[in-house]
Amino acid sequence: MTTPTPQAPPTLPSFEAPATEAEARAVQDALRARVVLDETGPLPGAGHVTGVDVAYDDERDLVAAAAVVLDAATLEVVEEATAVGRVSFPYVPGLLAFREVPTALAALGGLTADPGLVVCDGYGRAHPRRFGLASHLGVLTGLPVIGVAKNPFTFTYEQPGPRRGDAAPLLDGADEVGRALRTRGGVKPVFVSVGHRVGLDNACAHVLALAPDYRIPETTRRADSLCRRALAEARGPVSEPGPEAGV
């Protein structure tokens with residue numbers, strides 16, 4: 001049996017934030033047409049899987065992103081990278097990816113390992129315009145990407161069964177845009193959606209493999225912790241208050 005040759009990380013594109021909401025929606029429309037939905041995606045438990053998360057400090061106009069590569073079989077950390085930048089787009093519901101994509105791309109670009117499957121703390125097709133952060137990153141990088149969110153955004157669902165692995169469709173009218181997935185028995189579900197080059201059944205299987213002990217996948221837990229640390233470091237040390245006069 002031959003040993004597969006490790007893949008190099010992809011060369012990632014630069015990203016320029018649009019100047020207006022209308023331009024951002026036009027970019028979404030153009031990129032959404034390039035989303036690939038007919039691939040199953042990598043097998044759970046094989047290769048690498050990478051968590052991507054973003055943290056903000058709007059008062060300081062800072063955004064920090066983290067990319068954490070895990071061995072999919074052991075969930076051990078293979079590599080980590082962070083990036084810090086300025087918020088380059090205003091807060092507009094449905095267009096939040098434009099605030100996050102530039103720094104997330106920079107964090108992914110800092111990796112030397114093949115990211116494998118990318119798991120975003122956010123949405124893919126479970127988005128009002130069917131193009132959340134997971135789809136945006138997937139189209140720009142060419143990587144298979146899924147979104148795992150903590151709430152269902154604007155969509156409806158029936159409660160899945162109480163056991164780990166139980167799932168229910170996340171619906172926009174009659175359209176299934178994702179799934180409510182129970183990762184722990186008796187704990188509220190997470191919300192899984194396809195971003196790019198992964199099927200929904202496979203996306204849910206990945207999430208279960210990545211969440212052996214907690215509600216949230218290890219990819220998200222590790223990336224969340226790392227991007228918060230990066231943001232805290234970017235803020236700089238907090239000055240201690242001086243002694244009060246007369247004391």
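1. First, the ground rules. This is a predicted model, with local features needing pLDDT of at least 70 and side-chain atom pairs counting only at pLDDT 80 or more, while totals for chains, interfaces and linings use all residues. Residues are numbered from 1 along each chain as its sequence is written, and side-chain values use heavy atoms, leaving out hydrogens and water.

2. Take Glu-100, which sits in helix H2 (residues 97-109); helices here are DSSP runs of H or I, at least four residues, strands are runs of E, at least two, and both are numbered from the N terminus. Glu-100 is buried but has no salt bridge. Buried means under 20% relative accessible area (1.4 Å probe, protein chains only), and a salt bridge needs a side-chain nitrogen of Lys or Arg within 4 Å of a carboxyl oxygen of Asp or Glu. Arg-99, the nearest side chain of opposite charge, is 6.3 Å away.

3. What does the side chain of Glu-100 pair with in a polar contact? That partner is the side chain of Tyr-56, at 3.0 Å. (A polar contact is a pair of N or O atoms within 3.5 Å; within protein, one must be able to donate a hydrogen and the other to accept it, and residues adjacent in sequence count only if both atoms are side-chain atoms.)

4. Asp-166 lies in the loop between strand S5 (145-149) and strand S6 (167-172). Asp-166 is buried too, at 16% relative accessible area, and its side chain reaches the backbone nitrogen of Arg-163 at 2.9 Å.

5. On the cysteines: the structure has zero disulfides (cysteine sulfur pairs within 2.5 Å). Cys-204 is buried at 7%, and Cys-227 is buried at 0%.

Definitions and conventions
Buried means under 20% relative accessible area, exposed over 50%, partly exposed in between (1.4 Å probe, protein chains only). Lys and Arg count as positive and Asp and Glu as negative; His and the chain ends are not counted.
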